[in-house]
Amino acid sequence: MTAVTTAIKPRGALSQSVRDSLIVAKRNLIRMARIPEVVIFGLIQPIMFVVLFSYVFGGSISVGGNLSPDVYREFLMAGIFAQTVTFATAGAGAGIAEDMHKGLIDRFRSLPMARGAVLTGRTLADLVQTTLTVIVLAIVAVIVGWRVHEGIPKMLAGFGLLLLLGYAFSWIGALIGLTVRTPEAATSGGLIWLFPLTFISNAFVPSNNMPTVLRHIAEWNPFSATVQACRELFGNLPPNYPVPDAWPMQHPVLASVIWSVLIIAFFRTLSVRKYRSAAA
Amino acid sequence: MPGAIYAEGLVKTFGDVRALDGVDLDVPEGTVLGLLGPNGAGKTTAVRVLTTLLQPDSGRAVVAGLDVVRQPNDVRRAIGLSGQFAAVDEYLTGRENLQMVGQLYQMSARDAKARAQQLLERFNLADAADRTAKTYSGGMRRRLDLAAALVVSPPVMFMDEPTTGLDPRNRQALWEVIEELVAGGTTLLLTTQYLEEADRLAHDICVIDHGKVIARGTSDQLKAQTGGERVEVVVHDAAHLTGATEIVRGFGKGEASVETHTRKITVPVAGGAKLLAEVIRELDTRGIEIDDIGLRRPTLDDVFISLTGHAAETENEAANETANEAERKENAK
C-alpha cells in the first residue's frame, strides 16, 4: 500500500495539466468509440446539407454574378465545413452536462488533478471527432465536385483554421454544459443559436445581397471570417467576387485566428471558473 | 489533538436556506462517525465541504491535518469519496475506470494498472473487469465506486449514503467491506438514512437537522437519552382496550399511550422480563385475550423520531427541494 502511495511523484503544474487532460481525453475517446451512433449522426447532417444545398440552391444563387451550379458548389463547401465544426459545441455541452448529472464531475473534483483538465480533455476529444467528421465530409465534397485550386499547404492551412474554430466553439459548449442541468438541454442549447449565427453569415449566400444591418453583422461574424479565409485558401472564390470592405473580410485569415483565440481565452476562463464551483 | 476529521462552526447558506448552520465535528483517527439526518438536513452539504467540493461561508475544517479551504489539493490526495450516485463512467470497463482514477491521483500508468487489478480482485469484480460498467448490477457499480475511492488507500474516507438503493444482500456485503476497511485503520465519515446501518458501523453518531447538530454520542448513549424500556400490548378485542390500559398502567412508571386502530397500548416500565410475566398473568386473570405482548428497548428510530419529530426514512421532500433549488440558484450566479 505504502509502495503505491510513495510512487506518486510531484509534477510541474503545466506537465500535470497536460497529462491529466490527455487522460481525460482518452477516456472521452473510448466513450465515443463505444457509442459510434453519435459520430455517425454527426456526419449525416453535414452530408445532407452538401447534397441539398448544392442541388437545390445551386443554379438559383448568384456568386459574383455567376449562376453556375458548379461555382456555387465550390463556394458553398467552406460554409458547410465551418458549420459542421461548430456543431462540436453541442457534443461538448451534452458530454459535460451528462458528467455533471451522473456525479462524475464530483468524482473528478475530489481528485488531486489539474483544475482545467476535465474540460480540456473533453474539448480535445471533440477536436479528434471533428477532425474525423471533416475528413469524411471532404471526401463527400470531392465526390460532388468540390476541388481546391491553391495547393496542398494552403488547403491544410484552411482545415487548420476550421479545426481551430471548432475547438473554440467546443469551449462555448463546455460553458453551456456546466450551466444547464441536463444533457438534453445542453444539446438543444448548444445548437439553437448556431442557426442564426451560421445563417447570418457568408456561409450559404454572399453577404453583399443582404439588408444593410444583416450585412454588417455577417461581415463581422467570427464565423464569416473563417469561411472567407477558407474560400481564399482553397481557391473557391470566383474571379470577379466582390470582397466586402469590412476589415475581417479583407484580412480573413488573421481575423479567423484572432476570433478563435479570443473565444478560447474568454470561454475557457469562464468555464474553468464555473467548473471549480460546479455542483450536480 | 484534533481528530482525522475536524470541523468548527461550519456555515453554508444557499440563498435563504442555511444548509449548514454552525456544525462542529470531531472524528478521532481510525473511528467511524455516522452522520444521520432526514433528507435536506445538510448531510450532503457537510460532506461536500469536507471533501473540498464546496467552500464554506464561515468556519474551519481540517481533514487529515490539512485545511480544506487553504490546502484543497493536499486534502484531495488524502481522501477518498464515494458518493450517493455511483460515480463511475458506464461506458468504460471496471478496469479502465480504476486505472483512470489512479492516474488522476497522479500514479504512474504502471502503478495504476497494478492497483486496479488488486482492487478488482478484492471487490470481487475480476470476472467483470473488462466489461463496461453499463452491464454491471447496482451492487457491482457500488463496489466499483467504492474501489475507485480506495485507489490510493486514503487514510480518510467519506461515504455519502453508500447503500441507498441496494437490496439487503448487497447492503450486507458492502457493510462487510466497510468494516474490513475500518479494521485496517481508515477513518470514515458516513452519512446514512438507515439507522440500522449507523447502529452497526458507526462508533459515534451525530444527528443533524436543519443544518445543526441536534444530538451526538454513541448509539447506546443516544438510546439511553431517549428513554428506557416499554411494554407493548396488543389486545384481541377492541372492547377490552380500556380495561387492559388500566391494568398495564398499574405496572408502568409513566403515562400509557393507546393506539385505537391497532389496539396497541404502550407504557414505559422498569423491571424487565419479570414484570412482563406479571402483566401477562394479570391480564389472563381478568380474562383479557391478547394478540401480542413484548418488552421494547428504544431503537435508533425512536431516537430519531424523538429528536427530529419525524422518522428518518420519511421523505422530507419539501426541505430537500428547497435546499437543492437554492444550491442551483447559487451555482447559477
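**Exercise 1. The contact between the chains**

Task: In this predicted model, determine how many residues of chain B are in contact with chain A, and which elements of chain B supply them.

Solution: Begin with the count, taking two residues as in contact if their C-beta atoms, placed from the backbone, lie within 7 Å; on this basis 31 residues of chain B meet 26 residues of chain A. Next, assign the chain B side to its elements: those giving two or more residues are α2 (72–78), β6 (79–82), α3 (94–104), α4 (109–122) and α12 (317–332) of chain B, and the largest share, five residues, belongs to α3(B).

**Exercise 2. A helix of chain A and its packing**

Task: Describe the span of helix α2 (residues 13–34) of chain A, and find which elements its buried residues pack against.

Solution: The helix has 22 residues and reaches 32 Å from its first C-alpha to its last, close to the 32 Å expected at 1.5 Å a residue. Its buried residues include Asp20(A), Ile23(A), Val24(A), Arg27(A) and Met32(A).

**Exercise 3. The overall form of chain A**

Task: What is the secondary-structure content of chain A, and how does its radius of gyration stand against the globule rule?

Solution: Chain A has 14 helices and zero strands. Its radius of gyration is 20 Å, close to the 19 Å given by the globule rule for 280 residues, so chain A is as compact as a globular protein of that length. Buried residues make up 47% of the 280 residues in chain A.

Terms used
Residues numbered from 1 in each chain as written. Chains lettered and ligands numbered in written order. Predicted model: local features only at pLDDT ≥ 70, side-chain atom pairs only at ≥ 80, totals over all residues. Helix = DSSP H or I, 4+ residues; strand = E, 2+ residues; numbered from the N terminus. Expected span 1.5 Å × (residues − 1). Buried ≥ 20, exposed ≤ 12 C-beta atoms within 10 Å, placed from the backbone. Rg over C-alpha atoms; globule rule 2.2 N^0.38 Å.
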